[in-house]
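Here is a short tour of one model, written for someone who likes to know the cut-offs behind each word. Have your viewer ready and follow along.

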Amino acid sequence: MLPFDYIKPTSLTELFVLLESNPEHIRLLAGGTDVLVRIKTKQFVPKTLIDIKGIKELSNQITFDKKDVRIGALTTLADICRSEQIQTMYPALAKAVGSIGSVQIRNRATLTGNICNASPAADSVPALIVYNASVVVTSKHGKKSILLSDFITGPGKTKLVSGEILSAIILPYPNPVQSAAFVRHARRKGVDIATMNLCCLLDKDGLLKLVLGAAGPKPLIVQTILDPQCFKDAEEIKKQIKNLVVDAKPISDVRASKEYRRAMFEVLGFRAFSEALKRLT
């Protein structure tokens with residue numbers, strides 16, 4: 001690991017001044033579970049590491065308002081897993097977040113960090129997209145909201161530009177006529193990056209929506225409208241899922257071949273559908 005300066009600002013004003021000073025050689029630290037690994041392997045070679053955990057305007061809380069749920073930038077994955085309200089209202093998200101890393105990792109890692117890392121295989125992202133999540137982007141010029149489905153633009157890439165940070169995640173309250181389920185597949189049980197993952201959304205009016213992770217450079221969102229009576233026909237659902245996942249463009253890597261991933265998306269799609277259907281009825 002090469003030497004770098006460590007700074008821990010206490011306000012957004014101080015942070016934005018720092019971000020303007022040398023933006024190409026700065027990395028932000030919240031949980032640090034991704035950025036520190038990359039610094040050690042020299043994927044990142046920052047001159048300055050800015051720890052944002054001491055910024056008073058950034059929250060580590062989950063706030064339930066009248067219309068939506070706000071997850072603060074410093075909220076850990078463990079805090080989300082422990083929230084009984086999240087478990088009840090957003091079961092697919094609770095399962096997805098609980099799949100990330102180990103207990104030790106989840107006690108440090110933040111949901112905003114998992115999003116900004118922008119891994120195609122990020123477990124939290126398909127579930128968040130299914131629940132129509134948006135992110136709050138903050139800079140010295142103010143705040144703006146971006147749908148998460150638009151925020152991630154490719155592997156390791158987001159719509160964040162120099163001088164901006166992701167300050168919160170917003171989840172609208174779930175639609176009572178919908179249900180969702182998350183599934184993943186990895187090479188082994190326990191701590192492992194997902195080979196692929198998938199979240200399914202069902203609607204009593206017939207909507208079948210899938211969000212696939214590790215299916216391309218960013219999450220793949222596909223959907224169709226069916227006669228709700230088709231939900232009882234397993235063979236028809238398998239056929240529909242096969243038609244939906246045909247647009248997946250996975251890669252071959254150390255975890256799996258692209259052919260294996262394509263085949264498994266059909267399997268995972270039906271597993272997620274079956275779980276979501278039980279919640280819907």
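## A serine to start with

Is serine 124 buried or exposed? Serine 124 is buried, because its relative accessible area is 0%. Here buried means under 20% relative accessible area, exposed means over 50%, and partly exposed is anything in between, using a 1.4 Å probe and protein chains only.

This is a predicted model, in which local features need pLDDT of at least 70 and side-chain atom pairs count only at pLDDT 80 or more, while totals for chains, interfaces and linings use all residues. Residues are numbered from 1 along each chain as its sequence is written, and side-chain values use heavy atoms, with hydrogens and water left out.

## Around serine 124

Serine 124 sits in helix α8 (residues 124-130). Helices (H or I, at least four residues) and strands (E, at least two) are DSSP runs numbered from the N terminus. Apart from neighbours within four places in sequence, serine 124 is in contact with Leu93, Ala96, Val97, Ile100, Leu111, Asn114 and Ile115; contact means heavy atoms within 4.5 Å.

One of those partners, asparagine 114, belongs to helix α7 (residues 111-117). With a relative accessibility of 12%, asparagine 114 also counts as buried. Again leaving aside neighbours within four places in sequence, asparagine 114 touches Ile100, Ala122, Asp123 and Ser124.

## The four-stranded sheet

Now turn to the open sheet, whose four strands follow the order β11-β12-β13-β14 with antiparallel pairing. Two strands pair if DSSP finds at least two bridges between them. β11 and β14 (220-225) are the edge strands, each pairing on one side only. From one strand to the next, the twist averages 15°. Helix α5 (residues 91-98) packs on the sheet, where α5 touches β11 and β12, and the direction of α5 makes about 15° with that of β11. Axes are lines fitted to C-alpha atoms, for helices over the stretch in contact, and angles run from 0 to 180 degrees between N-to-C directions.

Eight bridges join β12 to β11, with alanine 181 partnered by cysteine 200. Six bridges join β12 to β13, where cysteine 199 has valine 211 as its bridge partner and leucine 202 stands opposite leucine 208. The hairpin of β12 and β13 has three residues between the strands, and glycine 206 there takes a positive phi near 115°.

An α-helix has 3.6 residues a turn, so residues three or four places apart point the same way.

The axes of α10 and α11 come within 9 Å and cross at roughly 130°. That makes α10 oblique to α11, since angles under 35 degrees count as roughly parallel, over 145 as roughly antiparallel, 65 to 115 as roughly perpendicular and the rest as oblique. On the α10 side, Ala234, Ile237, Lys238, Ile241 and Lys242 meet Phe265, Glu266, Gly269, Phe270 and Phe273 of α11.
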